[in-house]
Amino acid sequence: MEPGAVRPGVAGPGAVGPGVAKPGLAKPGVAKPAGAEPGIAKPGGVEPGVAQSGSARDIEDAPVVELRDVSVRFGRARRTVRALQDVSLTVAPGETVGLVGESGSGKSTAARVALGLVAPASGAVSLFGADLGRVRGRRRRALLSGVGVVLQDPVASLDARMSVGECVAEPLRVHRRGMSAAERRARVAEVLELVRLPAELAGRGPRELSGGQRQRVSLARALVLRPRLLVADEPTSALDVSVQRTVLDVIAELQRDLGFACLFVSHDLAVVQQFAQRVVVLRDGRVEEHGPTMTTLLRPRTEYTRRLVAAVPVPDPVVQRRRRGERRASLTAGGTEATA
Ligand SMILES: Nc1ncnc2c1ncn2[C@@H]1O[C@H](COP(=O)(O)OP(=O)(O)OP(=O)(O)O)[C@@H](O)[C@H]1O
C-alpha cells in the first residue's frame, strides 16, 4: 500500500464536515445526470460552495463526486507518464457510472483521484460538494469516510492477521469511536447478512474463505459505514466466472436497496452494460467518449470504442444481431473471413 493510501473500506461514510452539501440519496436505480451532458461535468460545473448555497434541489442533484479537467502525471522529466489529461466526469447521487478503456488508459488512476489517493497535477476534484484539494485533517477524513472501496484483489485488501469480523469492523473502530463492542458486532453481523454471508464467518480468517466469499467480505467492509459512494475497481476480474455473477448480483441488489452511487471500473463491457446508467470511455488518459451506456456501447461514435465493444463477447441479443449483420456486410463487400 502506498504512503497515504487508505485501506479499502476504511474510508466509509458518516459525519460530513460542516457546510458540506448533503446530496440526498436518489431513488434507488434512478440516474440523475448532473451535468449538461451525461457523464461529463459541465465546464465550470458545481463549484465547491455553490451546492451549499443553492436551492434544495441543487443540493440533491449535486454530484457525489466530480473530476473537473483533471490531469495526473507520474514520474519525472523524461520518465513522466501522463496518466490522465483533462479528464472530467461526474457521478450523481444513486447512479452508476462505468469507467472503461484499454489497459493503461487511466481507469484506476481516475478512481484513485476520486478516492483522494492521487492528487491531480491540475484540475479539481469535489467529493459531496467539497473541494478535495482544499480540505485537510479531520474534515477530509470525514469526507472520505463517505466512500466505500472494493478493489480487484480481495486477498491484498483484507489483512490476513485479522478475523473476518475484525476486518469488517475496522472502519467502525476508526470512524465510529463511540460505538460499543456489542453494537459493532451487531452491525458486522447485519452487513455480513446483507452480502449473503453467514454470521459464523466472522470468526474465521480471510484465507479460509473462497475468492467470492473474500470479495463479499471486502464489500461488507466497504458498506459497513453506509457510504454514499462505492468505488469498485474491477471488483470481479480476479474471480471465477461462476462466482462473478453472485458478487455482481449482491452489489446490484444492495445498490437498489441502499441507494449508494457507484463508480464502476471495468474492462468487461458486458458487466458495465448491465450495471451502469452512463459510461465514460478512457483512451490514453483522455475521455474518448461518454454518454448513456446503451447508446454509447451500441452506437459508439469512435473507432476506439467500437474496437472495445467488439473485443468482448457481449451476451446481448441486440449486439449479437448487429455483429452478425456487420460480419455479413463485410463478407458481401469481399472480406476474407470466409476463407479464414
Ligand atoms: N504509481 C504509478 N507510477 C507510475 N506510473 C503509473 C502509476 N500508476 C499508474 N501508472 C501509469 O499510468 C497509466 C494509467 O494507469 P492505470 O492503472 O490508471 O490504467 P488502467 O486503465 O486502470 O489499466 P488496467 O486496466 O491495466 O488496470 C499507465 O501508463 C500506468 O503505467
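Two residues are in contact if their C-beta atoms, placed from the backbone, lie within 7 Å. Among contacts in this chain between residues at least 6 apart in sequence, 73% join residues at least 24 apart.

The model is predicted: local features need pLDDT of at least 70, side-chain atom pairs count only at pLDDT 80 or more, and totals for chains, interfaces and linings use all residues. Residues are numbered from 1 along each chain as its sequence is written.

Start with the whole chain. The secondary structure comes to 13 helices and 10 strands. Helices (H or I, at least four residues) and strands (E, at least two) are DSSP runs, numbered from the N terminus. Buried residues make up 47% of the 340 residues. A residue counts as buried if 20 or more other C-beta atoms lie within 10 Å of its own, as exposed if 12 or fewer do, and as partly exposed in between; these C-beta atoms are placed from the backbone.

UniProt, in an unreviewed entry, lists residues 65-309 as "domain: ABC transporter". UniProt positions are given in the numbering used here, feature names are shortened, and annotations may be inferred rather than shown by experiment. The span is 40% helix and 25% strand, and its end C-alpha atoms lie 26 Å apart.

Now look at one sheet. Strands of a sheet pair through backbone hydrogen bonds, either parallel or antiparallel. Here four strands form an open sheet in the order 2-1-4-5, and the pairing is antiparallel. Strand 2 (81-91) and strand 5 (130-131) stand at the edges with a single partner strand each, so one side of each has no neighbour in the sheet. Two strands pair if DSSP finds at least two bridges between them. Strand 1 (residues 65-74) and strand 4 (residues 122-127) share five bridges. Val-65 has Leu-127 of strand 4 as its bridge partner.

Helix 3 (residues 107-114) packs on this sheet, touching strand 1, strand 2 and strand 4. The direction of helix 3 makes about 120° with that of strand 1. Axes are lines fitted to C-alpha atoms, for helices over the stretch in contact, and angles run from 0 to 180 degrees between N-to-C directions. Seven of the eight residues of helix 3 are buried, so the helix is largely enclosed by the rest of the structure. Among the buried ones are Lys-107, Thr-109 and Arg-112. Gly-116 follows helix 3, with a positive phi near 75°.

Leu-127 has Ala-130 of strand 5 as a bridge partner. The hairpin of these strands has two residues between them, and Phe-128 takes a positive phi near 50° there.

Next comes the ligand. Of the 13 residues around it, Phe-74, Ala-83, Ser-103, Ser-108 and Thr-109 come nearest. A residue is near a molecule or strand if its C-beta atom, placed from the backbone, lies within 6 Å of it. Strand 2 and helix 3 are the elements that give two or more residues to this shell. The largest share, three residues, comes from helix 3.

Finally, turn to Ala-199. This residue lies in the loop between helix 7 (181-194) and helix 8 (211-223). Ala-199 is partly exposed, with 14 other C-beta atoms within 10 Å. Leaving aside neighbours within four places in sequence, Ala-199 is in contact with Ala-189, Leu-192 and Glu-193. The C-alpha atoms of Ala-199 and Ala-189 are separated by 5.3 Å, although the two residues are 10 apart along the chain.
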